[in-house]
Amino acid sequence: MENKKIDSVPSAENPYKLLNLKVVPAKKWAAGIPAVLAAMADLVEEDIPFRGMRALLTMNQKGGFDCSSCAWPDPDDERSVVGEYCENGAKALAEEATSKKVTADFFASNSVYDLAKLTDFEIGRKGRLTEPMYLPKGGTHYEPISWDDAFKKIATHLNGLKSPDEAAFYTSGRTSNETSFLYQLFAKEFGTNNMPDCSNMCHETSGTALASTIGIGKGTVKLSDLYDTDVIVIIGHNPGTNAPRMMSALEKGKANGAKIIAINPLPEAGLMGFRNPQQLNGVLGSGVQLADLYLPVKINGDMALLKAIELLLHQAEKAEPGRIFDLEFIENNTVGFQDYISQFENYDAGKLAESAGVSLELIESAVEMLKYKKRIIFCWGMGLTQQPNGVEMLKEIVNIVLLKGSIGKLGAGLCPVRGHSNVQGNRTMLINEKPTVAQLDRIKEVFGFEPPRKHGFDVVNAIHAMHDGRLKVFFGMGGNFISATPDTSYTAAGMRKLDLSVHVSIKMNRSHLVHGKEALILPTLSRSDKDIVNGEAQFISTENSMGVVQSSKGILVPVSDRLINETQIVCRMAKATLGKRSVVDWDKYHDSYDEVRDIIEKCVPGFENYNQRVREKGGFYLPNAARDGKFITEKYIDKAPFTISQVPNNKLEDGEYLMATTRTHDQFNTVVYGLEDRYRGIKNERRVIFMNEEDIQKAGFKNGDKVDLYNYDDGIERIAPLFVIVSYSIPRGNTVTYFPETNVLVSVNNVVGESNMPASKFVRIKIKKHVPIISE
């Protein structure tokens, strides 16, 4: 097939320029005083030292507001009076509490074309949005629009569609339970299940694997389980950057005797050591070593590694029957054990170790740590969920947990480390392109309308539908769709074919600059803002990654009196669009979160006495049958199935490498806080590619060379130009880059089996010497 070439000239979706890269030795520990100083520096940078500190003392406290970044849970008991937040949480707060403003005058002075030349970091530093803005067809500048006129325009486009399925309603994890429920209710009454959401790009894989094996698409542990366990396995996750408060839990677990096994291609600082800035040893001492054992697995070598661990455990069980496996648990709670265990006759530990890229001796050390233990917790992140066989690898982790009986008991279980703060709550609130029959029947029973039964578009299918004309209107409730999604140029081309794109946001981002023929920006309140309705301060609720539903009440005066909350945006859009044909009392929900919670209670199991329980300090746990040792799947009642998967062949062609995208320590998802990746030793640059030193020499490059990166999936030449090589401790044949800069290389068709998520941690690339382009 002849290769098609995607334009590599800097554009609205792919601006690029090098700064002044400085590389220093990577850190071997995370947090400490540098984390405190970095957090405070952001408050100063945003000119909110006092406003910001006041908010930080309330963030994640009982009765305060929930951090808008990661979904790591808060302690059930007492919380730190010094501060129940991390460095990245403080940076997230600084972003939304900033005193900088983006006004109508700003847009009048800056065209979309000029703004698109900025990097994502530069765009994000402009400040908070203050009023609704509209970009007319053929327009060059956003211009102010009234709220009423904005909703009329949305209604006109939606009601003019040939089918409700020509619209899609995207959701970000920042969205509250109350807004999420009303948002999906509007979409269903409008007539579509096209509800792509950020789960489709981060942990859809976890939900798919867990729902089919243990009966619930969520983790099974509480935070306290990490404090009192025997072994914690962290695989495909970097706690120091992705969930820094997790390190405090690991520290407590270590103090109580837990061993930690870290599995990751990069030796991340947050896996190796932790200096707790709230303890004397973390300030003046060396802190605590976290990982007792580090396994430097190859990209996508995890399946081979897990199989090797299972094989060695099986051999140990044969030598000591009944001492290694929990045979009583297996007999009473599982199916398929004999078929599962028979596969190991065909495996060789040495060959599996070679495929994993980890020495057999290290794997044997891991097995020794697991062999006689039952209280084992597996934690994972997108290092697994964004692999093409991610669902199978998570099922393999479930296999190990079932072998050991390490689920349904204290100090044991499964712990997917969710990304955005309410991404799990969104799904609980029925944000799902594939709602169940029971969920739809309940909506019909409570509200009296017939919801659509056909499954809708997820993120990947929505992108394809933009391209082929099946989507005409895109509504984004938070997030930065263009920067978060794969195949950036392809996605951008699809977005430009839309008749209307709408984004509910607190700050400007690239999705406002890569838009439909018409575009709207609807500014809203942030988590830390006071939400005053009819003279009364309101609170919302969220669900953390361990299933706790809690209240969140902002304390800061909003930057503009023209902002309305997300629930009000949904209700006003619904009223404008559906008018008298709606059977839902949108006015009632517009003015009262309590009314929304009352109706959620009628529609979603586990929310009985919602308004009462959410007002309790610390909130309440949702039901979790698997946590209680009950496994109710679509195929089995009270039995969890063992599953059988294959080890992939990841052979590379000459000059080919596997690339995984990751984020720096100075960003959260697509929000870039700064230009330093402190723990990896990268300063003032993001366009870098981490490579093994032997690979660098073999390819004829040297450390610091400028290169262009290429992907050839689907017979298309995709180019991410102008990157700098950085020698790093990483397995041969593997490379790591930052997103969203290299999302342009991730084919929209490179997806995870079953979950249809972008496989952004498994991208085949070639690396060539940089060819300067005149327009640089």
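The axes of helix H2 and helix H3 come within 10 Å and cross at roughly 125°, where axes are lines fitted to C-alpha atoms, for helices over the stretch in contact, and angles run from 0 to 180 degrees between N-to-C directions. H2 and H3 are therefore oblique to each other, given that angles under 35 degrees count as roughly parallel, over 145 as roughly antiparallel, 65 to 115 as roughly perpendicular and the rest as oblique. H2 passes H3 in a right-handed crossing; a crossing is left-handed if the near helix is turned anticlockwise from the far one by less than a right angle, and right-handed if clockwise. On the side of H2 the contact is made by Arg51, Gly52, Ala55 and Leu56, and on the side of H3 by Ala90, Leu93 and Ala97, contact meaning heavy atoms within 4.5 Å. Helices (H or I, at least four residues) and strands (E, at least two) are DSSP runs, numbered from the N terminus.

This is a predicted model, in which local features need pLDDT of at least 70 and side-chain atom pairs count only at pLDDT 80 or more, while totals for chains, interfaces and linings use all residues. Residues are numbered from 1 along each chain as its sequence is written, and side-chain values use heavy atoms, with hydrogens and water left out.

Turning to the strands, an open sheet of five strands has the order S13-S10-S9-S15-S16, with parallel pairing; two strands pair if DSSP finds at least two bridges between them. The edge strands are strand S13 (293-295) and strand S16 (413-416), each of which pairs on one side only. Neighbouring strands of this sheet are turned by 15° against each other on average, direction ignored. Strand S10 (residues 259-263) runs parallel to S13 and is joined to S13 by three bridges, with Ile261 standing opposite Leu293 in S13. Helix H12 (residues 246-255) packs on the sheet and touches strand S9 (231-235), S10 and strand S15 (376-380), and the direction of H12 makes about 150° with that of S9.

Strand S19 has other partners. Strand S6 (residues 133-135) pairs with S19 in the antiparallel sense over three bridges, and Tyr134 has Leu520 as its bridge partner in S19. Strand S18 (residues 500-505) runs parallel to S19 and is joined to S19 by six bridges, Leu522 being the bridge partner of Val504. Six of the six residues of S19 are buried, so S19 is largely enclosed by the rest of the structure; buried means under 20% relative accessible area, exposed over 50%, partly exposed in between (1.4 Å probe, protein chains only). In a regular strand the side chains alternate between the two faces of the sheet. In S19, Glu518, Leu520 and Leu522 point one way and Ala519, Ile521 and Pro523 the other way.

The count of salt bridges comes to 48, a salt bridge being a side-chain nitrogen of Lys or Arg within 4 Å of a carboxyl oxygen of Asp or Glu. Three of these pairs are set out below.

| Salt bridge | Closest N to O distance |
|---|---|
| Asp66 and Arg527 | 3.7 Å |
| Arg680 and Asp677 | 2.7 Å |

Asp66 lies in the loop between H2 (49-56) and H3 (87-97) and Arg527 in the loop between S19 (518-523) and strand S20 (532-533), so this pair ties together parts that are 461 residues apart in sequence. Both Asp66 and Arg527 are buried. Glu368, at 48% relative accessibility, counts as partly exposed, whereas Lys371, at 11%, counts as buried. Arg680 counts as buried at 3% relative accessibility, and Asp677 is buried with a relative accessible area of 1%.

Arg680 also takes part in a contact with Val24, which touches Arg680, Gly681 and Lys683, not counting residues up to four places away in sequence. Val24 lies in the loop between strand S2 (22-23) and strand S3 (30-31) and, at 25% relative accessibility, counts as partly exposed.
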